[in-house]
Amino acid sequence: MPKKPIIIANWKMNLGVRESVDLVKAVNDQGAVSNNEVEIVVCPSFTALASVSDSLHLKSDIKLGAQNVFWEYKGAFTGEISPLMLKELGCEYVIIGHSERRGHLGETDEMVHKKAKAVLDAGLIPIICVGENFDERQKGQKDYVIMKQMNQALEGLRLSEDSKIIIAYEPVWVIGSGQAIEAEEAEHTHIIIESYLLDIYSPDTLAKKLRVIYGGSVDKNNVAEFIGQKTIDGVLVGGASLKVEEFVGLIKAVQRIA
Ligand code: PGA
């Protein structure tokens, strides 16, 4: 954790507008974000983004992210949301290629690449999700799968002066299971991811513009172990970010070691 740790809350299709605003307010009211050592991002559903953005605007250090995006900026793409629309609402981050989208909605590595490019060009920060499923893991293909996903997502992406990218390593079979992998095991995969990143980017770029985070059944009891690893720069949290006590507990656990 040599970089400032980041906690990204992915609320998936769980909270409506009122619930999302209430949760953000409660986290703020409990003072969980009043220090500068941890960066916190919440990713509500599209319908809640505007209201959450309004409630964050005046008094919070919590940042806003979206759970998905389209790769074009404007045009005849019924039902899609452009990076510029997210930017207009105050989003700074966008989750791309989450395994639930890859699995349920047929999102491919090529789509992930196009989305990452569009997001970077709009001045937003993509959170690119990679990870193996159980079958691939059993067959010993974990590293290969992750390399392939990263290669296709990142190939030819130019980073401007202000661009930043987050890679989220999420073993697909662990997501929502309540049973995370060992932090040392995640660290091992993160080392592989970092060495791959060093094949395409300079050490300076890795240090200043890239972060690699872990996701998959992170909670307030295990988060410190993950954040305590040298190459784990933060966490992507689903279930444990939906309830105020659990989420605040998780943030405080990170603050204690940051
Ligand atoms: P989980 O979800 O924390 O509920 O396992 C993580 C994710 O899907 O990003």
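A crossing of two helices is left-handed if the near helix is turned anticlockwise from the far one by less than a right angle, and right-handed if clockwise. By that rule, helices α5 and α7 cross in the right-handed sense, and this tour will return to them.

The structure is a predicted model, in which local features need pLDDT of at least 70, side-chain atom pairs count only at pLDDT 80 or more, and totals for chains, interfaces and linings use all residues. Residues are numbered from 1 along each chain as its sequence is written, and side-chain values use heavy atoms, with hydrogens and water left out.

**The barrel**

Please begin with the strands. Helices (H or I, at least four residues) and strands (E, at least two) are DSSP runs, numbered from the N terminus. Eight strands, in the order β1-β2-β3-β4-β5-β6-β7-β8, close into a barrel with parallel pairing; two strands pair if DSSP finds at least two bridges between them. On average, neighbouring strands of this sheet are turned by 25° against each other, direction ignored. Axes are lines fitted to C-alpha atoms, for helices over the stretch in contact, and angles run from 0 to 180 degrees between N-to-C directions.

Next, select helix α8 (residues 183-200), which packs on the sheet and touches β6 (165-169) and β7 (210-215). The direction of α8 makes about 155° with that of β7. Contact here means heavy atoms within 4.5 Å.

**Strands β2, β3 and β4**

Select β2 (residues 39-43) and β3 (residues 63-66), which pair in the parallel sense over two bridges. Val-41 stands opposite Lys-63 of β3. Val-94 in β4 is the bridge partner of Ala-66.

**Helices α1 and α2**

Move to α1 (residues 17-29) and α2 (residues 46-57), whose axes lie 9 Å apart at an angle of about 30°. That makes α1 roughly parallel to α2, a label for angles under 35 degrees, while angles over 145 count as roughly antiparallel, 65 to 115 as roughly perpendicular and the rest as oblique. The two helices, α1 and α2, have a right-handed crossing. To see the contact, display residues including Val-17, Val-21 and Lys-25 of α1, and Ala-48, Val-52 and Leu-56 of α2.

**Helices α7 and α8**

Select α7 (residues 142-154) together with α8: they pack at an angle of about 35°, with their axes 11 Å apart. The crossing of α7 and α8 is right-handed. Among the contact residues are Ile-146, Met-147 and Met-150 of α7, and Ile-192, Ile-193 and Tyr-196 of α8. The contact of α7 with α8 comprises nine nonpolar, three polar and two charged residues. Ala, Val, Leu, Ile, Met, Phe, Trp, Tyr, Cys and Pro count as nonpolar, Asp, Glu, Lys and Arg as charged, and the others, Gly among them, as polar.

**Helices α5 and α7**

Asp-109, Val-112 and His-113 of α5 meet Lys-148, Gln-149, Gln-152, Ala-153 and Leu-154 of α7. These residues divide into three nonpolar, three polar and two charged.
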